[in-house]
Amino acid sequence: MPEHEIIAADHDWWRTAVVYQIYPRSFADSDGDGIGDLAGIRSRLGHLADLGVDAVWLSPFYPSPLADGGYDITDHRAVDPRLGTVDDFVALTKEAHAHGIKVIIDIVPNHTSDRHPWFEAALAAGPGSAERMRYIFRDGAGPDGALPPADWQSHFGGSAWERVTEPDGTPGQWYCHLFAREQPDLNWDNPEIREYFLGTLRFWADLDVDGFRVDVAHSLAKDLSEPLRSQPDLDRNLPLDGSDPLYDRDEVHEIYRTWRVLFDSYDPPKMAVAETWYPTTSRTYLYARPSELGQVFDFSLLKAEWGRDQFRDVIRRSLHDHQAVGGGLTWVLSSHDVPRHPSRYALPPGTSPDEWLITDGVVPAVDPRTAHDRGRAATLMMLALPGSAYLYQGEELGLPEVADLAESALQDPVWERSGHTLKGRDGCRVPLPWTADGPSFGFGPAGAWLPQPEWFSGYSVQTQGADPDSTLTLYRQALLLRRALNADDMGVDWIETDDDQVLHFARRNGWHTIVNFSDRPCPLPPGRVILSSRRIDGTSLPGDTTVWISRA
Ligand code: GLC
């Protein structure tokens, strides 16, 4: 089918939306306990309205012992008292709606916290009980059951199995945790789990949320038949026939078809976006089928290294792949799980962002100018693509990664579980700077749960707000213009360039985007310049720069 033939209907707001991800504990703190909260978010809705986003996605705000930054939940239908109450949530949603901002929340169906009442009951009830059937318990291998039941690996390092002590004090069964040991996996073969999550979705949908981001959406359905199949390598490419024992099985789609029925019982229907962190394949967009979630995060752009061919290839592929299912198209550059994109693009070629974050003390230098220029260029490019764009809090300030957090400050389970070889994801979760000075740079009336570097001052909202050249101003202008320029055509025309480091594409309405990936200027193509990521003087486009041109 030609790229232009899929036309988004106007009422499908999410198909072209700019969604802003809030990591609640790091956004704004209203009460001075150093942890961001719902009242803090509410107090900053004006910033988001000025920025021009269509929706916010809130990472988990549920009660949590914080073994994995809130993705370890003890009650899926409540608010962590440190962050507020359900009434605060309702008030926040209402006020966001009054600003014209939709609200998307995170649903974490693959696992609970190990302090969830269900898991505590499972430990107390012992082998063979109905309580254990909510999770994935197995006897260990070897003569005395001292070995894990299978070779499955945790995403955070080490085995995905943990042995428990039975109520009588003897060494007992093992449970599966694909993430931290404090995050036992739920057993989605158990109808009670399916019913519980349908009820949870209904609970929040009735409180007027507009959509759901589904955590680890591709792992709920597992092949738990005996003997358990081998799965030692997390980095492999998944088979394209749905036959992997743990991930992206065909059966997982049945779950989302039942969710879609629920979502469509609301008017307007609730939107949803799947998170599936594995290499993008022709199967990735299946989650975005209109009969299922409607959207899936496409992380291929986020994983691409800075470079014309790398970017063009992944964009082409995403444009192509999403068409087959008629679902939404998404773009992401930064999130709470990866080093911030300006810093990534300034790493020496070939350096993996994870490798960069293993050194303490002497962090390989990243040139701030390159980070600044490339970060802005990549953003303008992303915002010109058809579909929906997801922004991560602080990227509108051009925040670089805080790469040199002291080991003693690290809280991400990746640090412990990797045996102190990977620093993990805290460097992109440092609380935001709102003001140039003051305690925690305006994050709250006191300190912040992760230390903020002194240089945050120069990146604050206050510092950038009135500066016409700031990154915040660029984001505001870009989002405003995007509303006017964006059309519902879901394809781009690729324009040939003489320079192999220059990318040029156009939308059907005459909106052209040119990205100069090299560090030297190139000729500026003809047309009226609407916006550029660096100041343009004369007729050339500087290196590491994106420009929007109108030829309408
Ligand atoms: C997702 C989240 C990540 C979390 C993991 C386990 O990948 O984005 O932050 O650690 O799921 O819930």
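Modeller: Here is a walk through the ligand site.

This is a predicted model, in which local features need pLDDT of at least 70 and side-chain atom pairs count only at pLDDT 80 or more, while totals for chains, interfaces and linings use all residues. Residues are numbered from 1 along each chain as its sequence is written, and side-chain values use heavy atoms, with hydrogens and water left out.

Around the ligand there are 14 residues, and the closest are D68, D215, E275, H336 and D337; a residue is near the ligand if one of its heavy atoms lies within 4 Å of it. Sorted by class, this shell holds seven charged, four nonpolar and three polar residues. In that sorting, Asp, Glu, Lys and Arg count as charged, Ala, Val, Leu, Ile, Met, Phe, Trp, Tyr, Cys and Pro as nonpolar, and the others, Gly among them, as polar.

Now to the polar contacts, meaning pairs of N or O atoms within 3.5 Å. D215, one of the closest residues, has a polar side-chain atom 2.8 Å from an oxygen atom of the ligand. The side chain of H111 places an N or O atom 2.9 Å from a ligand oxygen, and for the side chain of R213 that distance to an oxygen of the ligand is also 2.9 Å.

As for cover, the ligand taken alone exposes 310 Å², and the protein buries 95% of that; accessible areas come from the Shrake-Rupley method with a 1.4 Å probe.

Methods: Polar contact = N/O pair within 3.5 Å; in protein donor to acceptor, adjacent residues only side chain to side chain.
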